[in-house]
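I have opened a new page for this one. My plan is to look things up one at a time and jot down what turns up.

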Amino acid sequence: MGSHSHFGTNMVSILSLAAVWEVAGRMFDSILIPPLTKIGAAWWKLFLSGKLLTNLTASLWTLAAGFVLAVLIGIIVGLLMGRFRAVEHFLDLYINSLMSAPTTAFVPVLIMWFGLGVESRIAVVFLFAVFVVIINTMTGVKQVDNVLVEMARSFGAREREVFFKIMLPAAMPAIMAGVRLGMGRAVKGMVTAEMLLTLTGIGAMIMQYGSAFATDSLFAVILTILAVAMITMKLVQMIDRRLTGWKVEVAVE
């Protein structure tokens, strides 16, 4: 019931915004705020031309590659930092510094290392997403109840069994929270990389239409990015529910 009411509220919110936007676009300067009907027409034109799909495919490939790398490396490093105090002390300063630093500052370095090809764009997506995954994973492992760990050991469980059967499942909600946050940051990284590095994909379309003041096409591209962000977040939430659903069930009971 809760999910249905949540969906209904979301739909009311979206439709209300759409109505206000359409009215505002028709009342004021349509160059600054084009009506949604005009944006929809521009989106359809871009879609039919094949330009939107071609650029979106290129962007999504960059997003997927960078995000998967960020999740894999982020979880491994986070697990090691959470489990072994020595690893945490060794990496903590660097991880926190890199997390706080503006990721765009590393773009010139990445260009020197990887050139202006797809590798640099993947690296930007990776850097945007990886640190939040590391920190959440580490926090999740450190918050595992020591009583459970000691009890398992007293029953003769090996270190590997303790790790995979107690620590990892208990830390999974925190890990998935990091993955969700990482996905949002990865989408930002994808667009940033395409705008700052090589003008390709969705980022190139934003720069092109922005500089030409083609605001209907510009908003069509921006709304496409928002739709991609929403869909990818929903996918991550579905995986999250599959992996951590037991936690919710226990809490409800």
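Entry 1: pLDDT is the predictor's confidence in each residue, on a scale from 0 to 100. I need that here, as I am looking at a predicted model. Next I asked which elements have the lowest and the highest mean pLDDT. Helix 1 (residues 2-27) has the lowest, 64, and helix 3 has the highest, 90. Then I checked residues 248-253, where the pLDDT is below 50. That stretch has zero contacts in the model beyond near neighbours in sequence.

**Entry 2: the overall layout.** How many helices and strands does the chain have? I find 10 helices and zero strands. Reading along the sequence, I wrote the pattern down as α-α-α-α-α-α-α-α-α-α. The chain has 253 residues, and 40% of them count as buried. I also looked at contacts with a separation of 6 or more: 73% of these are between residues 24 or more positions apart. The accessible surface comes to about 14800 Å². Carbon and sulfur atoms hold 72% of that surface.

**Entry 3: salt bridges.** Side chains of opposite charge can pair when their charged atoms come close. I searched the whole structure for salt bridges and came back with two.

Arg85 and Glu88 make one of them, at 3.9 Å from N to O. Both residues are in helix 4 (residues 85-100), and because they are three residues apart there, about one helical turn separates them. Glu88 is buried, at 10%.

Glu88 also meets Lys142 in a salt bridge, at 2.8 Å from N to O. This pair links distant parts of the chain, since Glu88 is in helix 4 while Lys142 is in helix 6 (residues 118-142), 54 residues apart. I put Lys142 down as partly exposed, with 43% relative accessibility. Taken together, Arg85, Glu88 and Lys142 are linked in a network of salt bridges.

**Entry 4: aromatic rings.** I went through the rings next and counted two aromatic pairs. In the pair Trp43 and Phe47, the ring centres are 5.3 Å apart and the planes are at 5°, so I noted the pair as stacked. They are four residues apart in helix 2 (residues 36-49), which means about one helical turn between them. Trp43 is partly exposed at 31% relative accessibility, and Phe47 is partly exposed at 30%.

Trp44 and Phe47 also pair, with ring centres 5.5 Å apart and planes at 20°. Why do I call this pair stacked? Planes under 30 degrees apart count as stacked, and these are at 20°. Trp44 and Phe47 are three residues apart in helix 2, so again there is about one helical turn between them. Trp44 is partly exposed too, at 47% relative accessibility. My summary for this spot is that Trp43, Trp44 and Phe47 form one aromatic cluster.

**Entry 5: Arg83.** Where does the charged end of Arg83 sit? I find it over the ring of Phe84, 5.8 Å from the ring centre. Arg83 belongs to helix 3. Is Arg83 buried or exposed? Its relative accessibility is 19%, and it counts as buried because the cut-off is under 20%. Leaving aside neighbours within four places in sequence, I listed its contacts as Val141, Arg153, Glu159, Phe163 and Met167.

**Entry 6: Ser59.** My last stop was Ser59, which is in helix 3 (residues 51-83). Ser59 has a relative accessible area of 0%, so it goes down as buried. Which residues does Ser59 touch, not counting those up to four places away in sequence? I get Met190, Glu194, Gly201 and Ile202.

Note on methods. Residues are numbered from 1 along each chain as its sequence is written. This is a predicted model: local features need pLDDT of at least 70, side-chain atom pairs count only at pLDDT 80 or more; totals for chains, interfaces and linings use all residues. Side-chain values use heavy atoms; hydrogens and water are left out. A salt bridge is a side-chain nitrogen of Lys or Arg within 4 Å of a carboxyl oxygen of Asp or Glu. Helices (H or I, at least four residues) and strands (E, at least two) are DSSP runs, numbered from the N terminus. Buried means under 20% relative accessible area, exposed over 50%, partly exposed in between (1.4 Å probe, protein chains only). Rings of Phe, Tyr and Trp (its six-membered ring) pair if their centres lie within 6.5 Å; planes under 30 degrees apart count as stacked, over 60 as edge-to-face and the rest as tilted. A charge sits over a ring if NZ of Lys or CZ of Arg is within 6 Å of the ring centre and within 35 degrees of the ring normal. Contact means heavy atoms within 4.5 Å. Accessible areas come from the Shrake-Rupley method with a 1.4 Å probe; for residues, only the protein chains shown count as cover.
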